Amino acid sequence: MLFSEEKKSILITGGAGFIGSNFVHHWCNRYPDDLVIVLDALTYAGNRHNLASLEGKENFRFVEGNICDRPLIDNLLKQENIDTIAHFAAESHVDRSILGPDAFIQTNVFGTFTLLESFRHYWNAQGNPENHRFLHVSTDEVYGSLKPEDPAFSETTPYAPNSPYSASKAGSDHLARAYYHTYNVPTIITNCSNNYGPYHFPEKLIPLMCINILLGKPLPVYGDGQNIRDWLYVGDHCSALETVIQQGKPGETYNIGGNNEVKNIDLVTLLCDLMDELAPNLPVKPSKELITFVKDRPGHDRRYAIDATKIKTELGWTPEETVEGGLRRTIQWYLNNQDWWQPLLSQEYQDYYQKVYGS
Ligand code: NAD
Ligand code: TYD
C-alpha cells in the first residue's frame, strides 16, 4: 500500500486557531476514515466554534490542553496510537510579541521542544516505525527582511529573524531540524508566507481591515504602507501541508508561497474596492477614505517573498487561488459570519487594540 493511502491517526496541535482549524476541516474532508485528535490550549486565538461541525463525529476528538504539558502529550500519543503530528500551536502575532515576548518563548520554543521530546521517546518505544511523521509548521519570517532587488527566500536562505515572534519560530525550527539530524526523528519543516481566509482572528491585517470597514473605523496602515508580503489563501496552504505529509521527505524543509507579492497599501486599497462592491450599507463609502497612516511597527520587516520551486518540482504542488479571488471569498465569509467575529471584539481585544493603535 502507498504511504499516502495508509489510514492515519493524526494529532493536530493548535487546531482551534486560524490555519489549524482550516487544516482540520481540510484533512477530515480528504480522509474521513482517519482518526483526528485536536490539542489546543484555547488561548485568546483559539476558538472551539471553528470546529463545531466536527464535534460528535466518531473519529474526531478535541482535547483542551497545553503543548508544554509533557505527561498529557505522552499519554495522548500512546492512548490514541498517533503516527502523525501536524504542529500548528503557537503564539502567532508579531505586534503581541513586541508587547510581551514571554508567551512566545514558552509556547513556540519550550512547547515545540516538549512535543519533539515526547514524540522521540514514543517513536523509539514503538521501534522507530517508518510511517511516522512530525510536521513542524513555520513561517517565512524566520528569514528576515528582503531588499527590493533581493531574490526570494529559498530553503537555503540563512535565518535572520527580526521580531520576538520570528526569533521564537526560528528557535523551534532549529529544534525540529536537530531532532532529525541527532535522533533520526522523522521531522519535516515548512516555511510559509502570509495566509488569509476564513477563521482569521481580527487582529491580523486582512480581517482587521474588513471589520473596521464594516464598523466605519479608521484603517491603520503602518509606516508608509510600502512593506511587501507574499499572500497565500489558507486553502492553498492546507493542500501544500497535505502534500508534504504524504510525499515530503523526513529531514527536509519546504518553502510554501503564493507568488503574490503585494504592497500593504495596494492590498488595503483593493480590499476597500471589493468591500465597496460586496458589502451592503457601509457606514463610509468609498471605504478607502478610512485609510490612515499610523506610526510604524518597531523593527517592521520591509519585504517577504517565497521561492516555492522546491515544493513545485519535487512534490508537484502549486497554489490555485489569485489574490483577488481569495479576497472575494474571504470578504464574503466575514459578511456571512458576523456571529463568529463579533464576540471576538471583547474587552481584552479592545485593551490590546488601545495598546497598539492608541485611541
Ligand atoms: P493562531 O494564533 O490563529 O492559532 C494558534 C492556535 O494555537 C490557537 O488555537 C491557540 O489556542 C493555540 N495555542 C497557542 N498556544 C498554545 C499552547 N501552549 N498549547 C496548545 N495550543 C496553543 O495562529 P495561525 O495563524 O493559525 O498559525 C498557525 C501556525 O502557522 C503557527 O505555528 C504560525 O507560526 C504558522 N504560520 C502562520 C502564518 C500566518 O499567516 N498566519 C504563516 C506561516 C506560518
Ligand atoms: P500581519 O497580518 O500582522 O502579518 P505579519 O506581520 O506576520 O506579516 O501584518 C501584515 C502586514 O500588514 C505587515 O507588513 C504589517 C501590516 N499591518 C498594518 O499596516 N496595519 C495593521 O493594523 C496590521 C495588523 C498590520
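I count a polar contact as a pair of N or O atoms within 3.5 Å; within protein, one must be able to donate a hydrogen and the other to accept it, and residues adjacent in sequence count only if both atoms are side-chain atoms.

**Ground rules.** I am working with a predicted model, where local features need pLDDT of at least 70 and side-chain atom pairs count only at pLDDT 80 or more, while totals for chains, interfaces and linings use all residues. Residues are numbered from 1 along each chain as its sequence is written, chains are lettered from A and ligands numbered from 1 in the order in which they are written, and side-chain values use heavy atoms, with hydrogens and water left out.

**Entry: Thr-187.** I began with Thr-187, which sits in strand β6 (residues 187-192); helices (H or I, at least four residues) and strands (E, at least two) are DSSP runs, numbered from the N terminus. Its side chain comes within 2.8 Å of the backbone oxygen of Ala-176. Is Thr-187 buried or exposed? Thr-187 counts as buried because its relative accessibility is 2%, and buried means under 20% relative accessible area (1.4 Å probe, protein chains only). Leaving out residues up to four places away in sequence, I found that Thr-187 touches Phe-134, Tyr-179 and Pro-250, among others; contact means heavy atoms within 4.5 Å.

**Entry: ligand 1.** Next I looked up the 29 residues that surround ligand 1, taking as near any residue with a heavy atom within 4 Å. Among the closest are Ile-19, Asp-40 and Lys-169. A polar side-chain atom of Asp-40 lies 2.6 Å from an oxygen atom of ligand 1, and one of Asn-66 lies 2.9 Å from a nitrogen atom of ligand 1. Taken alone, ligand 1 exposes 840 Å², and the protein buries 96% of that (Shrake-Rupley method, 1.4 Å probe). I noted that α1 (18-30), β5 (133-139) and α5 (164-183) each supply at least two residues of this shell.

**Entry: ligand 2.** Which residues are closest to ligand 2? They are Glu-141, Pro-220, Arg-297, His-300 and Tyr-357, out of 17 that surround ligand 2. Polar side-chain atoms reach oxygen atoms of ligand 2 from Arg-297 at 2.5 Å and from His-300 at 2.7 Å. The protein covers 97% of the 510 Å² of accessible area that ligand 2 has on its own. Strand β8 (residues 219-222) gives the most to this shell, with 3 residues.

Note on methods. Buried means under 20% relative accessible area, exposed over 50%, partly exposed in between (1.4 Å probe, protein chains only).
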